[in-house]
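Thank you all for making time this morning. I would like to walk you through one structure, slowly, for those who have not seen it before.

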Amino acid sequence: MEIILKVLTSILIFINLFYCTAIFISQYYDYKRLLILLKQRIIERSYRNLILYCLFCLSFGFIFSNIFISIIILDIALFINLFFMKRLIFKFTRRSVSILVTYIIICFIIALFLNNLGLFIFSSISLLFQELIVIFTNFILVPYENSIRHFYIKKARKKINANPNLKIIAITGSFGKTSFKNYLFAILCGQYNVIKTPGSINTPMGICKFINTSLTPYDDILILELGVDAPNTMKKFFKIFNPDIGVVTAIGDMHLATFKTIENIQKEKLSLFNHLKGEKAMFYNRDCPLINVLNKENTHPYSINEIEILSMGIEGTKFVFNDHTYFASIFGKHQLVNLIGAIKVAKYLNIKDEILINRLCFIKAENHRLSVEKINNTYVIDDAYNANFIGLSEAIKTITSFSGSKGIILNGIIETGTKAKEINFNLGALLENFEEVVVLVNSSPYLKDGLKSISKKYKVFEKYSDGFSYLLKKELNYVLLCSRADKEFIK
């Protein structure tokens with residue numbers, strides 16, 4: 001019986017840690033981000049676990065001196081806790097597996113020296129402080145991870161140095177990075193050998209892996225997307241490379257929970273321009289009031305005001321730029337400004353006019369970034385990856401301008417720090433012209449307050465896919481999917 005209890009308890013602890021590690025992975029292995037997430041849920045988690053712990057475990061363990069019953073009740077508490085854990089897809093990478101294996105080894109060693117009371121105490125600590133245990137295990141592996149990281153960085157730098165004619169374009173910003181990157185890639189491919197980081201890969205080690213596996217001596221241009229979500233993270237990229245061209249697409253209040261202030265975001269994003277080499281070409285979105293590039297040579301601002309929009313609809317946008325008429329299968333001003341920036345970078349790299357006009361035919365919205373699909377008689381505008389107020393509000397205004405019935409599904413905007421109430425309330429207040437509004441169970445309460453302020457009725461669903469199915473049954477003309485959908489849905 002004792003062995004069975006130990007095995008069962010160990011399995012339950014492991015499963016709890018398994019899901020907690022998945023959460024850690026979703027925070028990019030950043031213990032500060034995990035602690036912020038833990039802080040947001042600390043009251044709810046502490047009370048729930050402490051009640052289970054104090055009422056059941058402690059009472060049986062110390063009042064009645066029955067450790068076996070205590071461990072049984074503790075196992076029940078561990079099992080119940082699994083239902084409250086946020087389910088995420090566990091990515092079986094070298095690092096994530098290393099964390100789990102290391103923890104298993106530690107638990108096994110500790111268990112060899114524990115009696116029943118010790119196992120009870122250890123299990124209780126694991127239940128209450130599982131996030132801290134994951135962070136502790138990760139810290140144990142820091143020397144090992146640093147050595148691996150150094151090896152891959154050295155290898156990537158060697159590949160870059162082997163191609164002295166290679167031009168590196170680095171794109172950063174609070175939002176718009178991936179769209180800008182894809183537009184620029186589509187244009188430049190008509191004249192150069194170009195490679196870009198796939199999808200939303202934008203971390204130092206993700207870029208490092210891409211360079212090591214994909215860069216060849218025959219490539220002319222390397223386009224990289226730099227994701228920066230906390231102070232002092234930009235400099236990590238420059239251990240791998242120094243770009244020739246830098247682009248800042250926008251600065252907004254994304255990741256305020258980690259940056260703390262908008263000034264910190266400005267400083268970090270614009271620090272890209274301090275690490276350029278060669279001609280140090282700087283491209284930035286002039287329409288963004290938070291981008292201030294003063295007294296610098298070789299600056300290239302771009303703006304939506306540089307074009308004349310002839311027509312804009314669900315099929316795309318026709319516009320005039322520099323006395324040339326273009327058409328691209330995208331819409332929305334926040335997407336067009338990225339395209340204008342990409343065109344300006346392409347012209348800087350001497351792309352021919354006839355190639356530019358021809359390559360724009362290949363431009364289309366990236367999946368989940370205002371991409372369009374027609375299902376029966378409903379146009380589904382998929383902006384499900386969008387997680388910033390500016391882009392989301394522009395998408396809402398654009399869809400509002402279309403004639404016909406409209407529906408939307410969203411769950412608010414996260415990582416906005418102290419502005420969470422203001423931003424989510426204002427978002428809800430924008431939805432007056434949508435006939436059907438769907439929010440998720442875990443949506444921001446401030447979003448719902450904003451909907452109530454305009455007397456807008458809404459439906460609540462637990463899963464994004466269920467809300468989407470509901471909207472399709474309404475046979476609307478347009479359905480807008482937005483606000484950071486479930487990863488399972490986006491996949």
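Predicted model: local features only at pLDDT ≥ 70, side-chain atom pairs only at ≥ 80, totals over all residues.

Residues are numbered from 1 along each chain as its sequence is written, and side-chain values use heavy atoms, with hydrogens and water left out.

The protein has 18 helices and 15 strands, where helices (H or I, at least four residues) and strands (E, at least two) are DSSP runs numbered from the N terminus. Of its 491 residues, 51% count as buried, and buried here means under 20% relative accessible area, with exposed being over 50% and partly exposed in between (1.4 Å probe, protein chains only). If we take the contacts (heavy atoms within 4.5 Å) between residues at least 6 apart in sequence, 70% of them join residues at least 24 apart.

Let us look at helix 4, residues 94-112, whose axis comes within 9 Å of the axis of helix 6 and crosses it at roughly 105°; axes are lines fitted to C-alpha atoms, for helices over the stretch in contact, and angles run from 0 to 180 degrees between N-to-C directions. The two helices are therefore roughly perpendicular to each other, a label that covers angles of 65 to 115 degrees. Helix 4 makes this contact through Arg95, Ile99, Thr102, Tyr103 and Ile106, and helix 6 through Ile133, Thr137, Asn138 and Ile140.

How many salt bridges does a search of the whole structure find? It finds 4, a salt bridge being a side-chain nitrogen of Lys or Arg within 4 Å of a carboxyl oxygen of Asp or Glu. One of them joins Glu145 to Arg94, with the closest N and O atoms 3.0 Å apart. Because Glu145 lies in helix 7 and Arg94 in helix 4, the pair ties together parts that are 51 residues apart in sequence. Glu145 is buried at a relative accessible area of 5%, whereas Arg94, at 37%, counts as partly exposed.

Another salt bridge brings together the side chains of Glu306 and Lys344, at 2.8 Å from N to O. Glu306 sits in the loop between strand 6 (299-302) and strand 7 (307-313), and Lys344 in helix 12 (residues 333-348), so that this pair, 38 residues apart, links distant parts of the chain. Glu306 is partly exposed at 26% relative accessible area, and Lys344 is partly exposed at 22%.

On the surface, Tyr31, Leu35, Ile121, Ile125, Phe129, Leu132, Phe139 and Val142 form a nonpolar patch with about 640 Å² of accessible area together. Patches of this kind are made of residues with over 30% relative accessible area and no salt bridge, with nonpolar side chains (Val, Leu, Ile, Met, Phe, Trp, Tyr) joined within 5 Å. Helix 2 (31-63), helix 5 (116-128) and helix 6 (130-140) each supply at least two of the patch residues, and Val142 has its place in helix 7.

Finally, helix 11 (residues 262-270) has buried residues, namely Ile262, Ile265, Gln266, Glu268, Lys269 and Leu270. Their cover includes strand 1 (167-172), strand 4 (245-248) and helix 10 (256-259).

How values were computed. Patch = residues over 30% accessible without salt bridge, like charges linked within 9 Å, V, L, I, M, F, W, Y side chains within 5 Å. Areas by Shrake-Rupley, 256 points an atom, 1.4 Å probe, with all protein chains shown as cover. Parallel < 35°, antiparallel > 145°, perpendicular 65-115°, else oblique.
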